[in-house]
Amino acid sequence: MEKKYISHNSLMNWLTKLNDEGSQIYAPVAKGDKTDYKQITSVEEISMDHIQTTQSAKAVAFPRTEKLFSYKKENGDVTLQNFETTSIPETVVFGIHPCDAAGFKPLSGIFNWDTPDLPFNERMKRTTLIAVSCTQCDEFCFCTSVNGSPGNTAGSDILLTPVKDGYLAEIITEKGENLADKHSTFFEADPNINKEEYLAKVPVQFSLEELNKKISNMFESPVWKQQSERCLGCGACAYVCPTCACFDIQEDAHGSSGNRLRCWDACGFSLFTMHTSGHNPREVQSQRWRQRLLHKFSYMPERISVRGCTGCGRCSRACPVDMNIAEHLTEIASL
Amino acid sequence: MDELRNRAKELFEKGEIDIFIGYEQGTRNPRPIFVGNAEDTQKLVFNDKCTGNLAVYLTRKDLVKGKRVGISASYYALKSIVQLFVENQLKEENLKIFGLANDGKIEALNSLDEIKHYIKDTPPPPKLEDDELIKQIDAMSSAERWAFWSDELSKCFKCYACRAACPMCYCTKCIVEVNRPQWIQPWASTLGNMEWQINRVMHMAGRCSDCGSCSTACPIGIPIHLLTHKMSETVKANFGDPSDKGNVLSTFKPEDKESFIL
Ligand code: SF4
Ligand code: SF4
Ligand code: SF4
Ligand code: SF4
């Protein structure tokens with residue numbers, strides 16, 4: 001991994017150049033007290049004052065509504081138009097935090113578990129992640145409890161750590177290198193500093209080892225009912241999560257033509273597991289809450305070797321009834 | 001606070017309730033808690049920061065079916081409770097309700113009439129930010145207003161948290177889940193999101209307590225509660241105070257105006 005330095009001005013000029021050359025840039029944009037990723041047309045729009053954006057950046061590779069294919073029926077013949085890969089533009093996501101960058105790995109695990117997913121993989125291929133280390137955190141952050149850290153390089157193509165007037169730039173992947181090499185004059189020599197000094201101090205809230213040991217054998221535990229009583233089953237937690245990948249397939253039909261769509265869904269919804277027979281194997285909210293945590297901390301690690309949670313804390317911030325996930329995990333780890 | 005804890009404890013000790021739905025201290029603000037025994041009543045808190053509308057749990061069958069329930073209810077939760085009674089969703093004998101009086105004291109509200117009196121006598125908690133935003137929206141031309149709501153609703157990702165947090169959304173099958181025929185586009189898109197909100201708001205006519213929980217629950221922060229707020233005002237202006245006249249949605253009166261029908 002190569003280390004360099006880039007001043008704030010050069011960074012903004014670099015992003016502007018990339019945008020001028022045809023890359024679409026997603027970056028955090030503030031509105032009121034919420035900040036979210038938006039496609040920007042000018043670097044002036046970028047805001048980096050937030051601790052965490054409301055939504056994760058997953059929509060870049062897993063849009064909330066994705067057209068998988070379209071079809072047309074004519075005189076008994078059906079023509080299919082497969083997912084159009086050539087129209088996906090080169091994309092740069094600037095300003096995500098390490099917990100979001102790390103979130104693309106579990107997503108990729110899910111979308112490549114069996115049949116590699118064309119839209120997801122094609123979008124990822126054209127996406128470069130320029131992450132920024134965290135210099136501040138709040139009580140909902142717990143990346144350090146799930147093997148992450150505010151300066152974690154895993155998942156990012158380039159990681160910038162804010163240091164005096166500029167950034168330490170760690171060029172992590174080949175994709176990152178290509179992007180930096182396009183305009184190497186913006187970068188300066190390795191500033192040779194201890195990055196740790198500049199990072200937020202995120203306290204470890206629970207022992208991952210204890211959690212792992214317990215959670216896989218807890219299917220019948222009364223803890224799920226007790227923890228989930230106040231859960232409204234609203235799905236907000238899943239929609240803001242960088243790793244949640246539940247989806248629903250819908251048909252946008254117009255007479256003899258139409259589109260097959262993939263839309264976000266959530267395992268917390270009561271209808272998510274409803275069968276056409278009317279039987280619902282996850283009848284009550286406690287079973288859905290159990291599914292949420294077991295999926296992230298037991299099933300995914302066991303089956304695709306990656307945890308379904310990066311400790312970003314978004315679900316806790318978004319939850320209307322304060323289902324603080326770190327608090328619940330701490331409770332489970334200490335059972 | 002101690003008073004509520006003692007009252008709830010007493011109810012458990014006398015065997016008058018099976019659960020108490022109240023608030024406990026949460027990460028930043030008070031959050032809902034389900035207390036199941038006398039001992040745990042010591043976790044309860046009840047103050048003006050307890051704003052989440054707990055009435056939403058009173059129709060959750062998996063939580064309350066067949067149970068005698070105690071509940072601490074904010075001003076708006078009480079309004080929702082009245083409406084749930086009107087809609088035959090609650091039984092008086094199964095409920096022990098506590099409100100917060102003007103002087104901060106706990107007030108037992110033992111009947112529907114007592115709740116109605118309480119609501120009449122208690123000024124609604126102020127909502128300064130909302131008033132400001134409503135003023136801004138009222139001052140907009142209809143084109144500006146369309147642009148404002150198009151922008152806001154384009155962000156909706158259809159998580160339905162607004163529905164889940166609302167005590168009046170207790171249907172076991174919501175219109176958005178009916179797919180034969182499909183009334184509302186299930187995927188997120190600006191127009192489909194508007195269809196969803198217009199439907200949600202229309203179904204609230206004369207029923208919404210103006211608690212604002214729908215918008216507090218919205219993770220994106222879309223001020224959708226202003227739509228229901230406006231609807232309440234329109235209903236009041238056209239059909240009178242819903243509490244005097246029955247349910248506007250389901251009660252036909254010959255003198256009802258039809259001038260709003262396009
Ligand atoms: S956001 Fe909270 S209330 Fe909604 S489904 Fe998730 S945990 Fe339950
Ligand atoms: S489960 Fe919650 S804390 Fe974990 S990655 Fe998802 S949103 Fe973040
Ligand atoms: S529509 Fe919104 S403001 Fe009205 S009762 Fe439901 S949650 Fe409260
Ligand atoms: S809570 Fe907000 S984002 Fe979710 S469906 Fe309602 S308006 Fe849309």
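In chain A of this predicted model, seven strands make up an open sheet of mixed pairing, arranged in the order β1-β9-β8-β7-β6-β2-β3. A further open sheet of chain A is built from four strands in the order β5-β4-β11-β10, and here the pairing is antiparallel. Chain A also meets chain B, in a contact to which chain A gives 33 residues and chain B gives 36 residues.

- Helix α4 (residues 174-182) of chain A lies across β1, β6 (91-96), β7 (127-132), β8 (158-163) and β9 (166-171) of chain A, and runs at about 85 degrees to β7(A).

**The four-stranded sheet of chain A**

- In the sheet ordered β5-β4-β11-β10, the edge strands are β5 (77-82) and β10 of chain A, each of which pairs on one side only.
- Six bridges link strand β4 (residues 65-74) of chain A with β5(A) in the antiparallel sense, and the bridge partner of A:E74 in β5(A) is A:D77.
- Helix α3 (residues 118-125) of chain A packs on this sheet, where it touches β4, β5 and β11 of chain A, and its direction makes about 130 degrees with that of β4(A).

- Between them, chain A and chain B bury about 2700 Å², of which 57% is on carbon and sulfur atoms.
- Of the area that chain A buries against chain B, 22% comes from A:R64, A:E229 and A:L232, which is more than any other three residues supply.
- Seven salt bridges are counted between chain A and chain B, and A:R230 forms a salt bridge with B:E24 in which the closest N and O atoms are 4.0 Å apart.
- There are also 16 residue pairs in polar contact between the two chains, counting pairs with both residues at pLDDT 80 or more.
- On the side of chain A that touches chain B, the elements giving two or more residues are α7 (236-240), β10 (247-254) and β11 (257-264) of chain A.
- Sorted by class, that side of chain A has 15 nonpolar, seven polar and 11 charged residues.

Note on methods: Residues are numbered from 1 along each chain as its sequence is written. Chains are lettered from A and ligands numbered from 1 in the order in which they are written. This is a predicted model: local features need pLDDT of at least 70, side-chain atom pairs count only at pLDDT 80 or more; totals for chains, interfaces and linings use all residues. Side-chain values use heavy atoms; hydrogens and water are left out. Contact means heavy atoms within 4.5 Å. Buried area is the accessible area (1.4 Å probe) that two parts lose on being put together, summed over both. A salt bridge is a side-chain nitrogen of Lys or Arg within 4 Å of a carboxyl oxygen of Asp or Glu. A polar contact is a pair of N or O atoms within 3.5 Å; within protein, one must be able to donate a hydrogen and the other to accept it, and residues adjacent in sequence count only if both atoms are side-chain atoms. Ala, Val, Leu, Ile, Met, Phe, Trp, Tyr, Cys and Pro count as nonpolar, Asp, Glu, Lys and Arg as charged, and the others, Gly among them, as polar. Two strands pair if DSSP finds at least two bridges between them. Axes are lines fitted to C-alpha atoms, for helices over the stretch in contact, and angles run from 0 to 180 degrees between N-to-C directions.
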